[in-house]
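Here's a quick briefing to keep beside you while you look at the structure.

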Amino acid sequence: MGVAWVLRVPWAFGEVVPIHVIQGTGHRSPLEGQEVTTRGVVTAIKRNGYFLATPVGEEDGDLRTSEGLFVNTESTPPSPARVGNLVE
């Protein structure tokens, strides 16, 4: 399965930041306010975005961090964001 779409969610330019790093261990993301690139599998779609989950085998094993997040697109998600697709 190839990467279907690029999500720009700045960290080090071009570096893919794992979802669990974006989520962190607290109530707010340690990267809040920064734009980063991440990747994950689309698990659900809403009218204003979609949910991403860490691909199997890339989890960090830390129960304090989340392996999923919601990508708010503020409008209909792009067509490559379909359930089951790996997006970056």
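Arg39 is a handy place to start: this is a predicted model, and in it Arg39 counts as partly exposed at 23% relative accessibility. The side chain of Arg39 meets that of Glu58 in a salt bridge, at 2.2 Å from N to O. That pair ties together parts of the chain 19 residues apart in sequence, because Glu58 lies in the loop between β2 and β3 while Arg39 lies in the loop between α1 and β1 (40–46). Glu58 is partly exposed as well, with a relative accessible area of 35%.

**The other charged pairs**

- Counting the Glu58–Arg39 pair, the structure holds three salt bridges.
- Arg28 and Glu32 bring their side chains together in a salt bridge, with 2.6 Å from N to O.
- On the Arg28 side, the relative accessibility is 59%, so Arg28 counts as exposed.
- Glu32 comes in at 48% relative accessibility, so this residue counts as partly exposed.
- Arg64 and Asp62 also pair through their side chains in a salt bridge, at 2.8 Å from N to O.
- Arg64 is exposed, with a relative accessible area of 59%, whereas Asp62 is partly exposed at 22%.
- As background, side chains of opposite charge can pair when their charged atoms come close.

**The nonpolar core**

- What's in the largest nonpolar core? The core has 12 residues in all: Val17, Ile19, Ile22, Leu31, Val36, Val42, Tyr50, Leu52, Leu69, Val71, Ala81 and Val87.

- Across the chain, pLDDT averages 85, and 84% of the residues score at least 70.
- Keep an eye on residues 3–7, where pLDDT stays under 50.
- The model still has 20 contacts beyond four places in sequence for residues 3–7.
- Where pLDDT is low, the predicted coordinates should not be read in detail.

Definitions and conventions: Residues are numbered from 1 along each chain as its sequence is written. This is a predicted model: local features need pLDDT of at least 70, side-chain atom pairs count only at pLDDT 80 or more; totals for chains, interfaces and linings use all residues. Side-chain values use heavy atoms; hydrogens and water are left out. A nonpolar core is a set of buried Ala, Val, Leu, Ile, Met, Phe, Trp, Tyr and Cys residues joined through side-chain atoms within 4.5 Å. Buried means under 20% relative accessible area, exposed over 50%, partly exposed in between (1.4 Å probe, protein chains only). A salt bridge is a side-chain nitrogen of Lys or Arg within 4 Å of a carboxyl oxygen of Asp or Glu. Helices (H or I, at least four residues) and strands (E, at least two) are DSSP runs, numbered from the N terminus. pLDDT is the predictor's confidence in each residue, from 0 to 100. Contact means heavy atoms within 4.5 Å.
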